[in-house]
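Please look over the sequence and the structure before reading on.

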Amino acid sequence: MRFGVTGTNWITDTFIEAALAADGASITAVCSRKKETALAYAKKHELTHAYTSLEEMCEGGEIDAVYLATPNAVHHEQVITCLEKGIPVLCEKPLTATKVLAEKMIEASKTHQVLLMEAMKSTSMPNFQRVKELLPEIGTIRQVRFQYGQYSSRYDKFKAGEILNAFKPDMANGSLMDLGVYTLYPIISLFGPPDAIQSDSTVLHTGVDGQGAVLLSYEGMNVTAGYSKIADSFLPSEIAGEKGAIHIDRISSPGKVTLLTRDGAIDHSVEQLKPSMSYEIEEFIKTAHAGKIESDINTHDISLRTVELMEQIRKQQGIVYPLDALDGE
């Protein structure tokens with residue numbers, strides 16, 4: 001599958017590296033708003049085609065799919081543009097910021113019968129699948145604690161008075177969207193939507209959150225998610241049941257899975273020899289080759305439910321994006 005990439009930041013660099021290690025993937029084109037940026041990026045990665053128009057890249061006959069890594073605020077319009085051109089899209093997380101826009105994106109996938117998949121790497125990785133296999137070993141699940149804290153280098157500039165995209169509401173950014181999604185998406189994937197939501201956030205002066213904590217209620221089980229761009233966290237994530245617990249070293253990119261019981265701890269990790277993003281790329285390609293419009297792992301419904309959950313958290317915390325105004329259109 002020949003990918004065209006949109007967005008020329010570090011995550012696209014990481015994607016290209018992962019694609020080259022994945023089975024059945026190549027990168028043939030890049031699209032950027034500025035011609036000089038597109039040409040420089042194409043030269044950097046030895047890509048044969050550079051575009052400044054997403055429509056032209058989709059129509060050029062040089063790609064079979066698009067990996068989209070542009071700002072969150074433009075995901076919806078760019079995804080729909082690709083789908084209308086018949087080009088499958090692997091859209092970087094989060095899919096978008098509102099339920100209404102997510103529904104429009106999914107509806108476009110169904111209308112045009114073209115694959116749309118959210119690029120949540122963790123859930124397609126072998127060690128996340130191992131977690132799912134181990135769940136029966138811990139009995140009735142009572143508590144879940146997922147967390148992801150990663151101090152942002154951009155926060156130093158923020159404190160110095162330079163506001164970059166990571167902390168701008170007009171880019172639909174902030175800790176919830178950038179890091180919180182890594183905790184909430186797998187929760188929805190494993191347990192479905194919660195019965196009730198309570199949240200707390202540290203809202204910065206620009207109107208986005210620097211960090212947050214969420215308590216999700218399920219029948220007989222409570223789930224906490226913590227995320228931060230203004231503090232690091234080094235603790236594992238945990239799923240605790242009546243017979244034992246499962247520890248996951250990094251919920252954003254599971255590399256080690258440990259089963260803990262009253263008898264001790266056993267390492268159940270699966271060896272992962274490829275870059276973490278290679279597995280989502282292979283899942284995307286497999287889904288496309290099967291002629292399906294959604295992945296069995298990263299389904300449309302999980303993406304929709306995650307967006308809806310994050311939107312409810314934002315509303316509780318008074319975090320508003322200009323993108324929210326598009327809900328009425």
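## A charge over a ring

Over the ring of which residue does the charged end of K229 sit? The ring is that of F167, and the charged end lies 5.7 Å from its centre. A charge counts as sitting over a ring if NZ of Lys or CZ of Arg is within 6 Å of the ring centre and within 35 degrees of the ring normal.

## Basis of the values

The model is predicted, so local features need pLDDT of at least 70 and side-chain atom pairs count only at pLDDT 80 or more, while totals for chains, interfaces and linings use all residues. Residues are numbered from 1 along each chain as its sequence is written, and side-chain values use heavy atoms, with hydrogens and water left out.

## The sheet

Eight strands form an open sheet in the order β8-β9-β10-β7-β11-β12-β13-β14, with mixed pairing. Strands are DSSP runs of E with at least two residues, helices are runs of H or I with at least four, and both are numbered from the N terminus. Two strands pair if DSSP finds at least two bridges between them. At the edges are β8 (196-203) and β14 (264-267), each of which pairs on one side only. From one strand to the next the twist averages 10 degrees.

Strand β13 (residues 257-261) pairs with β14 in the antiparallel sense over four bridges. In this pairing L260 stands opposite A265 in β14. Helix α10 (residues 300-317) packs on the sheet and touches β8, β9 (209-218) and β10 (221-228), where contact means heavy atoms within 4.5 Å. The direction of α10 makes about 60 degrees with that of β8; axes are lines fitted to C-alpha atoms, for helices over the stretch in contact, and angles run from 0 to 180 degrees between N-to-C directions.

## Aromatic pairs

The structure holds nine aromatic pairs. Rings of Phe, Tyr and Trp (its six-membered ring) pair if their centres lie within 6.5 Å; planes under 30 degrees apart count as stacked, over 60 as edge-to-face and the rest as tilted. F15 and Y67 are stacked, because their ring centres are 3.8 Å apart and their planes are at 0 degrees. F15 lies in helix α1 (residues 10-21) and Y67 in strand β4 (residues 65-68), so the pair ties together parts 52 residues apart in sequence. One aromatic cluster is formed by F3, F15, Y67 and F284.
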